[in-house]
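Colleague: I would like to go through this model with you before the group meeting. Could you take my questions one at a time?

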Amino acid sequence: MESIQKFQDLLKRLFQFETSDLDFGIYRILNYKREQIEKFIQEDLKNKVESSFAKHKDEKLTNINQRFEEAKQKVIQGLGTQAFTLTGELKEEFKDTPLGRDFLSIKAQIDEAETIDEIKLQVFNDLYNFFSRYYEEGDFVPQYRHSIKGHKYAIPYNGEEVKLYWANNEQYYTKTGLLFRDYTFKANEYKVIFRIVSAREELGSKKATKQRFFILDDENPQETEGKDLIIRFQYREFTEGEVRSYDVSGGSNTAKQEKINQKTYDEVLKKIKDIELKAPLAKDYKSEKPLLLYQISRFTAKNTKDYFIHKNLKKFLSEQLDYFIKAEVLDIETLEKERFLDKHITRAKVVREIGEDIIDFLSQIEDFQKKLWEKKKFVLKTDYVITTDHVPEEFYKEIWTDKDQKREWKDLGFEIPKTKEDLKKRILPIDTKYFSQEFKEKLLEKLTEMADLGDLLDGLLIKSENWQALDLLFARYHGNIKCIYIDPPFNSKTTEILYRNFYKHSSWLSLLENRINLSKEFLNSNSCFIAAIDENEQERFGLLLDNVFPESVKTCVTIVHNPRGIQGKNFSYCHEYVYFIYPSNEKQYIGTLPREKPSLRNLRDNGGQSLRTDAKNCFYPIFVKGNKIVKIGDVASDDFHPKEQSKFLKDGTIEVWPIDPQGIERKWRYSVEGIRRVLNLLRVKETRGTVQIHILKEDDRYRTVWTGARYDANEYGSKLLMNILGEQESDKFTFPKSLYNVKDCVNATTQNYKESIVLDFFAGSGTTAHAVMKLNKEDCGKRKYILVEMADYFDTVIIPRLKKICYSFNWKEGKPQDTDGISQFFKYQVLEQYEDTLDNIELTSNKQAELKFGDDYLLKYFLDYETRENPSLLNIDQLKNPFSYKLKVNLEEVGEPMDMVVDIPETFNYLLGLKVKKIKTREIATPSARNDKKRKYLFVIGEKEGKDIAIVWREYDDNWKENDFKEDKKFIIKELEPWSPHIVYVNGQSVLTPKLGEYNVEIRYIEPEFKNLMEA
């Protein structure tokens, strides 16, 4: 029975029974079915094994017994009844006859089948051996197990010449930041909540360490509310005094956190007066730790681990189970040693049956998490920053009287105008977060009366985990991005990222591969992908880019960004790398740099590969008259050889060939087609009776080594950011890139596409947007930027930085040196996150499905059926009032979750891939309205695939009468009349028909399309 118990204990770890007291995220889902899962492990599993063996045993015995009777009859017919003893045994003298041997062989198989019970325990041992190799501390670890001997693992391989493989390559990396969510567990009748709160005081870099730890909140560390104990933590750096008080001057970060945890446990327990609460918290729980200390340790580890979701767990485990059975259950030794294989074939069948059941359940949980990860996320909040020169004067009064906006201008260092009329003369950014929803709606309507919103916007900022943002933006922007520039986090020696399972590089590769693979679909046939990297990951990153862009050209540029160097024992690193990925070398995708001193060089080629025979299409005459080129001749035939380099014709024209002074036929540097594109750069020069054609060189190709003070990350990254934001605010972001590093990268790929879009989904401090704004200022371009960042410095660094650049490009110690900025209009949004989705999941029992699927319900279907009406996945019924659809979310890294209204219209715009043109909001009284309450309508007009689309959102309920529908239709027709859309979407029920006033439209309902697109 030991092997059964051992396997059951393993399953309890796989299904995370040790988290039975946790009450958040996926743990809440697992605990919801805890009793059924426990019954499956303790009872159903053993019963399944018993019934499987019984079934296979009965099948074998039925077949063998029939063959046994047939063999017995053959013995009787051939040898007579005297061949058997009275007890039915074959007599000794007949055992070596052919009939006797056949009879005894079949009888031995019956005996073997009767002893099949002996290998039941071996089945549990097999199952334990299989599942234990893929799970570690309850988490899945992907390993292509190869053999129990020699090389342990294999990798998926299809004959590639070079194969890059890493441990997590078939998984989503789902954590790119700290999961500052409430951590909740139960202690008898009490609930204990660990909560992260903001540090009360910003610590200057000179006062603090660089590592951050979980420390008890210094203002309100704990409080009891009824049966809830709330313990508050800060996640921050240490002061020098705290280093001494916690005794954490040396050792690893893990060891330091353990010391802090012990002190936290002692302090919290000392303050608890309630004996009924204190007793279970102090009682030994696991690993010989008291319950409270165990949970504190788990909580601090949880927030610094990596998390993964397998993309197809069932396929992976099923294939591995199949291999395991062939390699280790029915291995060659078993086949050689066993006289009869029936019992091992039965063993293999049972291992498969039970293994597949467990795989079904594990993959159901994994697939559910994958579904939540891949689900398009809601836009939670939308606001705009627009400079006053863009704002119609009718809004100036409200702007001028808004105290919060004026306070921000003052805090940012702007000079506030003396009168509201002066707003037009200044480039002052207003932020719609300080104004009412009505103000925002009226402003957007006014701005889009004469222009399309998509054309007016200069940029888009998304606060979100970047995979989620790319997933939502996909339908709108795929194929529309000219340049992607990213500066991803990497494992530098001083800032290594924390990874679980010691998969430091593997985790990092999954993080990058997931996001780059998705982002490449945003590029088009003329686009470039640019990524910065340092020496620690450069080699692996280059191979990863080969995997993602197998058909593209990859060029690695070296940039000297730290002339002083990072000191090492052997070398001092002073450079980093930037990879440029572009479609091919057949066309120019990378721009040029202007030369400081333009120069002339002979159009005739010289040196290696400059002969006529090296490029036959580059041997043709150029006709000159009066020191001007008048004609480009045709390519000469192979058998034609000019007698001289310059031939003077009767009409005064000179025929010039690419022949050198020694009379050797060479070639021009351009073909006939190419020369026509550079005619304006050609110059005629007469020397010693011959005419030479020169080409003016005004620019140069970008080199693969970039040097110069402009790329110094300290001077034009850190110091520049400090001058813009001030010392205290700039400390919130370390190691920004040099502005000119990013600017030159973007310029190299967009200088001939000045109305293109630049995407950066590792936005950091916002340098990419700053670079785009500076480029546009210099060359009057209209490039747009999309930035994605998830950290709190989205609000504290990026947005303030861009607001300040609107006012001025020149700052010193947080003060503007002039007012020569750039006017801007950008949108910024916050998205729902994967953790928000988990937080909002509620399960509702579905008895009909339980009856329909029987035993398979728990293993395969319960998560799908019991979460269908959840608001985070989309509750269609709640779309009746799209302006009050709510979720519980965390808007900041820290703090409590809160209920907030979701921006349903903006979410649907992205799902459709709509290029928004016009927006207007209306309110009307309707027949069924009570207490003069008005009904709100939002009209959005946009374009997709050449068709104009109108989206109508309104407050609708099931109590509408006939008059309500008539008034609704009449009002919609009137408001849509100026737009004449091809397709109209509407929420709720309506009586709209394709004949909409004077024109025909296609009517579609929002709810089914919303749900399909959300889960696509």
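Colleague: To begin, with which residue does Lys554 form a salt bridge?

Modeller: Lys554 forms a salt bridge with Asp546, and the closest N and O atoms are 3.1 Å apart. A salt bridge here is a side-chain nitrogen of Lys or Arg within 4 Å of a carboxyl oxygen of Asp or Glu. Please note that this is a predicted model, in which local features need pLDDT of at least 70, side-chain atom pairs count only at pLDDT 80 or more, and totals for chains, interfaces and linings use all residues. Residues are numbered from 1 along each chain as its sequence is written, and side-chain values use heavy atoms, with hydrogens and water left out.

Colleague: Is Lys554 buried, partly exposed or exposed?

Modeller: Lys554 is partly exposed, because its relative accessible area is 31%. Asp546 also counts as partly exposed, at 34% relative accessibility. Buried means under 20% relative accessible area, exposed over 50%, and partly exposed in between (1.4 Å probe, protein chains only).

Colleague: How many salt bridges does the structure hold?

Modeller: The structure holds 64 salt bridges. One of them joins the side chains of Asp422 and Lys425, at 3.4 Å from N to O. Lys425 counts as exposed because its relative accessibility is 68%. There is also a network of salt bridges that links Glu445, Lys920, Arg922, Lys974 and Glu975.

Colleague: And which residue does Lys463 meet in a salt bridge?

Modeller: The partner of Lys463 is Asp795, at 2.7 Å from N to O. Lys463 lies in strand S14 and Asp795 in helix H25 (residues 793-807), so this pair ties together parts that are 332 residues apart in sequence. Helices (H or I, at least four residues) and strands (E, at least two) are DSSP runs, numbered from the N terminus. Lys463 is buried, with a relative accessible area of 6%, whereas Asp795 is partly exposed at 32%.

Colleague: Where does Lys377 sit, and what does its side chain meet?

Modeller: Lys377 is in the loop between helix H12 (342-374) and strand S12 (379-387). Its side chain makes a polar contact with the side chain of Gln468 at 2.9 Å. A polar atom of the Lys377 side chain also lies 2.7 Å from the backbone oxygen of Lys375. A polar contact is a pair of N or O atoms within 3.5 Å; within protein, one must be able to donate a hydrogen and the other to accept it, and residues adjacent in sequence count only if both atoms are side-chain atoms.

Colleague: Which residues does Lys377 touch, leaving out those up to four places away in sequence?

Modeller: Among them are Leu372, Leu472, Glu832, Tyr834, Thr907 and Met1014. Contact means heavy atoms within 4.5 Å.

Colleague: Let us turn to the sheets. What is the strand order in the open sheet of eleven strands?

Modeller: The order is S13-S12-S31-S14-S28-S27-S15-S16-S18-S17-S26, with mixed pairing. Its edge strands are S13 (429-431) and S26 (705-706), each of which pairs on one side only. Two strands pair if DSSP finds at least two bridges between them. Strands S15 (residues 481-486) and S27 (residues 757-760) pair in the parallel sense over two bridges, and Cys483 has Val758 in S27 as its bridge partner.

Colleague: Which helix lies across S12, S14 and S31?

Modeller: Helix H29 (residues 904-912) lies across S12, S14 (459-463) and S31 (825-831), and runs at about 90° to S12. Axes are lines fitted to C-alpha atoms, for helices over the stretch in contact, and angles run from 0 to 180 degrees between N-to-C directions.

Colleague: What about the open sheet of four strands: what is its order?

Modeller: The order is S21-S20-S23-S22, with antiparallel pairing. S21 (628-632) and S22 (646-648) stand at the edges with a single partner strand each, so one side of each has no neighbour in the sheet. Three bridges join S20 (residues 622-625) to S23 (residues 654-656).

Colleague: Finally, how many helices and strands does the protein chain have?

Modeller: The protein chain has 31 helices and 40 strands. Buried residues make up 53% of its 1016 residues.
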